[in-house]
Amino acid sequence: MKFAKLVRYDFLKGIVLRWYYLLLPALIGVAGAMHIHDTYVEAQENSRGTLLDYWILLLEGRKAFNLEEITFVFPVGWMMFQAFSLLVVAGYTSRDLDEEGIMVIARNGSRVRWWLSKGLCALIMMSLYYAVCMICMFITARCVYDADATMQVSAVLTGTHIQGYMDRPDRVVWLAAFVLPLMTSLFLAVLEITLEMVVNTTFAYLLLFVLQGIATYKQSVFLWGTWGMPARLLTSSIGHRGNLVLSCASLLVCLVVGTVIFSRKNLLGNRK
């Protein structure tokens with residue numbers, strides 16, 4: 001019951017009262033649909049695109065930088081999606097700890113329950129970020145641009161970095177388009193609030209943002225930005241399933257590490 005009260009507290013204060021943060025994914029969804037239609041769909045004479053086309057193109061990212069290439073197009077849309085996703089999670093955990101955390105923990109009697117409740121709040125907020133963005137993009141693509149309401153890719157992907165998915169089974173495409181990006185972002189959400197227990201919120205946000213930026217240029221299993229980037233998954237050394245296992249394992253490890261760090265944290269000392 002004590003944990004349930006903490007979850008209700010965080011759901012109200014960390015999600016409901018911060019509802020305006022969900023305007024960010026709504027903006028990304030609408031703007032992304034407009035950009036994808038103007039850039040990719042209009043160039044196709046025989047295809048209006050599908051809802052899955054729009055979504056996977058939003059998250060496609062780019063292939064790793066190659067010195068032999070003359071130019072490299074920075075994935076602005078992908079970076080904005082990542083920047084906003086980190087922003088909706090940033091600050092709540094550390095701010096609540098400073099304002100009411102010690103009193104709540106004293107009444108509840110458990111640091112672990114407090115931390116796990118904050119982790120669950122971050123996971124829910126990130127899931128809502130994806131859900132709102134997807135819904136707004138699908139509504140815009142379907143109602144404004146008359147996209148086909150199907151979960152299959154079409155010829156719109158021809159000539160893109162992810163045209164290889166046109167020959168892949170649906171389950172692989174869905175894994176790359178929905179599951180892996182979400183799992184990677186859920187891991188980043190927990191990693192972000194864990195870092196906030198060690199450094200200040202701004203530094204934690206900027207550190208993750210910079211590492212995501214590096215991932216746009218370089219492909220490495222140690223750069224988590226590549227774990228959920230469809231364009232990189234086609235050439236990943238560990239494959240789609242390997243990236244799924246890696247993201248899930250990293251999420252669990254981060255929860256455990258965060259629990260240990262917070263359990264040993266001096267709550268009465270000055271925050272760094």
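Asp-146 counts as partly exposed, with a relative accessibility of 36%. Its place is in the loop between H6 and H7, and its phi is near 55°, a positive value in a residue other than glycine. The structure is a predicted model.

**Loop between H6 and H7**

- Thr-160 also lies in the loop between H6 and H7.
- Thr-160 counts as buried because its relative accessibility, 11%, is under the 20% cut-off.
- Leaving aside neighbours within four places in sequence, the contacts of Thr-160 are Tyr-40, Leu-57 and Glu-60.

**Nonpolar core**

- The largest nonpolar core has 75 residues, and the members that touch the most others are Tyr-54, Trp-55, Leu-58 and Phe-81.
- Helix H7 (residues 170–195) supplies the largest share of this core, 15 residues.
- Beyond four places in sequence, Leu-58 is in contact with Ile-28, Gly-32, Ile-36, Trp-78, Phe-81, Cys-133 and Met-137.

**Helices H2 and H3**

- Helix H2 (residues 23–41) and helix H3 (residues 51–58) have axes that come within 10 Å and cross at roughly 105°.
- H2 and H3 are therefore roughly perpendicular to each other, as the class runs from 65 to 115 degrees.

**Helices H4 and H6**

- Helix H4 (residues 76–89) packs against helix H6 (residues 111–143) at an angle of about 140°, and the axes are 9 Å apart.
- This angle makes H4 oblique to H6.
- The crossing of H4 past H6 is right-handed.
- From H4, the residues Met-80, Phe-81, Phe-84, Ser-85, Val-88 and Val-89 meet Ala-122, Met-125, Met-126, Tyr-129, Tyr-130 and Cys-133 of H6.
- The contact of H4 with H6 holds 11 nonpolar residues, 1 polar and no charged.
- Phe-81 and Cys-133, both part of this contact, are also among the contacts of Leu-58.

**Helices H5 and H6**

- The axes of helix H5 (residues 92–108) and H6 cross at roughly 145° and come within 10 Å.
- H5 and H6 make a right-handed crossing.
- H5 contributes Tyr-92, Thr-93, Asp-96, Leu-97, Gly-101, Val-104, Ile-105 and Asn-108 to the contact, while H6 contributes Arg-111, Arg-113, Trp-114, Trp-115, Lys-118 and Cys-121.
- The residues in the contact of H5 with H6 divide into 7 nonpolar, 3 polar and 4 charged.

**Gln-212 in H8**

- Gln-212 is in helix H8 (residues 201–215).
- Its relative accessibility is 1%, so Gln-212 counts as buried.
- Gln-212 and Met-79 are 133 residues apart along the chain, and their C-alpha atoms are separated by 7.6 Å.
- Not counting residues up to four places away in sequence, Gln-212 touches Trp-78, Met-79, Gln-82, Leu-188, Trp-224 and Gly-225.
- Trp-78, one of the residues touched by Gln-212, is also one of the contacts of Leu-58.

Note on methods
Residues are numbered from 1 along each chain as its sequence is written. This is a predicted model: local features need pLDDT of at least 70, side-chain atom pairs count only at pLDDT 80 or more; totals for chains, interfaces and linings use all residues. Side-chain values use heavy atoms; hydrogens and water are left out. A nonpolar core is a set of buried Ala, Val, Leu, Ile, Met, Phe, Trp, Tyr and Cys residues joined through side-chain atoms within 4.5 Å. Buried means under 20% relative accessible area, exposed over 50%, partly exposed in between (1.4 Å probe, protein chains only). Helices (H or I, at least four residues) and strands (E, at least two) are DSSP runs, numbered from the N terminus. Contact means heavy atoms within 4.5 Å. Axes are lines fitted to C-alpha atoms, for helices over the stretch in contact, and angles run from 0 to 180 degrees between N-to-C directions. Angles under 35 degrees count as roughly parallel, over 145 as roughly antiparallel, 65 to 115 as roughly perpendicular and the rest as oblique. A crossing is left-handed if the near helix is turned anticlockwise from the far one by less than a right angle, and right-handed if clockwise. Ala, Val, Leu, Ile, Met, Phe, Trp, Tyr, Cys and Pro count as nonpolar, Asp, Glu, Lys and Arg as charged, and the others, Gly among them, as polar.
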